[in-house]
Amino acid sequence: MSHKTEDVMYAEKETSQHGGTKDAPTSQATSRSTAEYRALDAAHHIHPFSDMGSLNRAGTRVIVKAQGVYLWDSEGNKIIDGMAGLWCVNVGYGRQELADAAFRQMRELPYYNTFFKTTHPPVIELSALLAELTPAPFNHFFYCNSGSEGNDTVLRIVHQYWATQRQPARKFVIARKNAYHGSTIAGGTLGGMAYMHEQMPSKVENIVHIDQPYFFGEAASDQTAEEFALARARQLEAKILELGADNVAAFIGEPFQGAGGVIFPADTYWPEIERICRKYDVLLVADEVIGGFGRTGEWFAHQHFRFEPDLITLAKGLTSGYVPMGAVGLHDRVARALIDNGDFNHGLTYSGHPVAAAVALANLKLLRDERIVERVKVDTGPYFQKKLRETFAGHPIVGEISGAGLVAGVQLAEKPLERKRFANGGDVGTICRDFCFNGNLIMRASGDRMLLSPPLVVSRPEIDEIVSKAEAAIDATARQVGIR
Ligand SMILES: *Cc1c(COP(=O)(O)O)cnc(C)c1O
């Protein structure tokens, strides 16, 4: 009796022609044919957030190398990466400094823990540099391996904070629908993705959601963007009063929603959220996993929106994705409470991993010393935003461009001027994403919004290439749905 699928049989047959796989040189990424890679991938690899049946039938694209803002697949196609991987490769691909930092650290001290009265130079240097780069009140950092773990850690810190304040009844955390905070049970519960919640019968308790500040999709026809954002922020106050302020621990939000569609709230939103959090003594958490490390042209997205959180979640751009690492930054008032009140019973084997810390350190030095963040703010960011807005002004299926710096959302719509969306929005996004993919541009779809978030080292000519390929794909999408 065999459980093996045809895919597996095929994979085995293919690989056996090469005389077995066990001692194949793993450093040679292109040592197999595309067909072999696909077959083995289909046979043995479950992909994240994927329908594996249809993915295996269609076949995956095998990415074998990258340099700057470009990727190459196993067929030799050169692809421009409009997404910086998954919003993370801020310094671009192929930076020798990061590879060297990892190599040196692996030889010197590949691993040691920070649990039992020990520490090591990379995590010390990284913490000191983060204290410099973050706004003044952030001087303490807790490390983990991902954004999801960062938000798990946020929950642990928030609850510990209120325990130290002798207000243990403050246990509710308020988040938002269509937010993304990761895919651990806590991250997934904090997030507001209905399609994830449907597959999570067990969620973390005491987490509730309010509506998102998504103007194009959810505002009344007579509301201005500013009025709408204010109304959405005031849902926080209503929710706090409903739960009882003495029961509310924290509010968490991405300064702009990333995976949810690059939703940039109007300027009225965050000041009102901050006012409400202060009024009711509710901790304010900014999930900076995408917004952090220069994406908007500021070092942190909460600086772009001009508010001061109590906790910040960091990951992605922290290491430019070269190795996994996440962190939580604690405002002095939160840090003090933790430091002065005994054990905090939380940690991960790889908290502050020396290799990850060494890479993060090298990465942050590049962002700072090569003035990469500054260039996003004064040059490439404004150029990218202007170029997108000019290119899609009056386009028959583009409803709005959102974003700042090097992150943007392009809203597809059936009748842009009336803010009328396509009946099956997700399908339109998928059509457009496939056109991009075939045109060798990586642009992601979130429902009916197309997302761009290129490496922060992208040049003006590369921005021109991204935008013209995006335009070609959106034009093709318009023709496919019978508009234009
Ligand atoms: C990606 C992301 C996360 C989760 O990070 P992982 O490293 O995938 O666990 C959390 N919050 C936001 C805003 C993200 O974009």
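Trainee: Which helix gives the largest share of the shell around the ligand?

Mentor: Helix H7 (residues 147–164) does, with three residues; a helix is a DSSP run of H or I of at least four residues, numbered from the N terminus. The model is predicted: local features need pLDDT of at least 70 and side-chain atom pairs pLDDT 80 or more, while totals for chains, interfaces and linings use all residues. Residues are numbered from 1 along each chain as its sequence is written, and side-chain values use heavy atoms, leaving out hydrogens and water.

Trainee: Which residues surround the ligand?

Mentor: A residue is near a molecule if one of its heavy atoms lies within 4 Å of it. Among those around the ligand are Ser-146, Asn-151, Tyr-180, His-181, Glu-254 and Asp-287. By class, the shell holds three nonpolar, six polar (Gly counted among them) and three charged residues.

Trainee: How much area do domain 1 and domain 2 bury between them?

Mentor: The size of an interface is often given as the accessible area lost when the parts come together. Domain 1 (3–94 + 372–480) and domain 2 (96–369) come from the domain assignment. They bury about 2,900 Å² between them, 60% of it on carbon and sulfur atoms (1.4 Å probe, summed over both parts).

Methods:
Helix = DSSP H or I, 4+ residues; strand = E, 2+ residues; numbered from the N terminus. Domains from an automatic or database assignment. Buried area = accessible area lost by both parts, 1.4 Å probe.
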